[in-house]
Amino acid sequence: MTDRTLAHESLDVYQVAIQFIAVSTKLPFPSGTGVIVNQLRRAELSIPLNIAEGYARRTTKERNRFYEIARGSAHECSAILDASVASGVLHERMIQEGKDLLHRVVSMLVGLSR
């Protein structure tokens, strides 16, 4: 960790959440899907933000509350991707990498909450 790195940045779960944002922003949503894209952007951003905020908390109870919010946002992102496929906006192969990253995030957050 360098002098310019905050502690949460060293967490694997934080790094995977950032990876998900990088993958998600490259998804080829067609025009006219702004509502679903906006919801995805807000939910995907919530994941690393809540991980960072939770990591900064002093008590386990406080930390876990933020990790639970991050976990909920990861599930929300997964549901948005599923809905995008079900509505014909995206093809399933397009979302697989994102879904895999979300699965990793959720698994790691469950581990952190124990």
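In which handedness of crossing does α3 pass α4? The crossing of α3 past α4 is left-handed, a label given when the near helix is turned anticlockwise from the far one by less than a right angle (right-handed if clockwise).

## Basis of the model

This is a predicted model, in which local features need pLDDT of at least 70 and side-chain atom pairs count only at pLDDT 80 or more, while totals for chains, interfaces and linings use all residues. Residues are numbered from 1 along each chain as its sequence is written, and side-chain values use heavy atoms, with hydrogens and water left out.

## Helices α3 and α4

Helix α3 (residues 60–86) packs against helix α4 (residues 92–112) at an angle of about 165°, their axes being 10 Å apart; α3 is therefore roughly antiparallel to α4. Helices here are DSSP runs (H or I, at least four residues) numbered from the N terminus, axes are lines fitted to C-alpha atoms over the stretch in contact, with angles running from 0 to 180 degrees between N-to-C directions, and roughly antiparallel stands for angles over 145 degrees.

On the α3 side, the contact (heavy atoms within 4.5 Å) includes N64, Y67, A70 and R71, and on the α4 side E92, I95, G98 and K99 are among the residues involved. The contact of α3 with α4 comprises 13 nonpolar, 4 polar and 4 charged residues, where Ala, Val, Leu, Ile, Met, Phe, Trp, Tyr, Cys and Pro count as nonpolar, Asp, Glu, Lys and Arg as charged, and the others, Gly among them, as polar.

## Helix α2 and its two partners

The axes of α2 and α3 lie 8 Å apart at an angle of about 160°, so α2 and α3 are roughly antiparallel to each other, and α2 passes α3 in a left-handed crossing. Residues of α2 including I36, Q39, L40 and A43 meet residues of α3 including R63, F66, Y67 and I69; this contact of α2 with α3 has 14 nonpolar, 6 polar and 4 charged residues.

Helix α1 (residues 12–24) and helix α2 (residues 34–55) have axes that come within 9 Å and cross at roughly 165°, and α1 and α2 are therefore roughly antiparallel to each other. Their crossing is left-handed. Among the residues in contact are V13, Y14 and A17 of α1, and L40, R41 and E44 of α2, and the contact of α1 with α2 divides into 12 nonpolar, 1 polar and 2 charged residues.

## A charge over a ring

The charged end of R65 sits over the ring of F66, 4.6 Å from its centre, under the criterion that NZ of Lys or CZ of Arg is within 6 Å of the ring centre and within 35 degrees of the ring normal.

Definitions and conventions
Helices (H or I, at least four residues) and strands (E, at least two) are DSSP runs, numbered from the N terminus. Angles under 35 degrees count as roughly parallel, over 145 as roughly antiparallel, 65 to 115 as roughly perpendicular and the rest as oblique.
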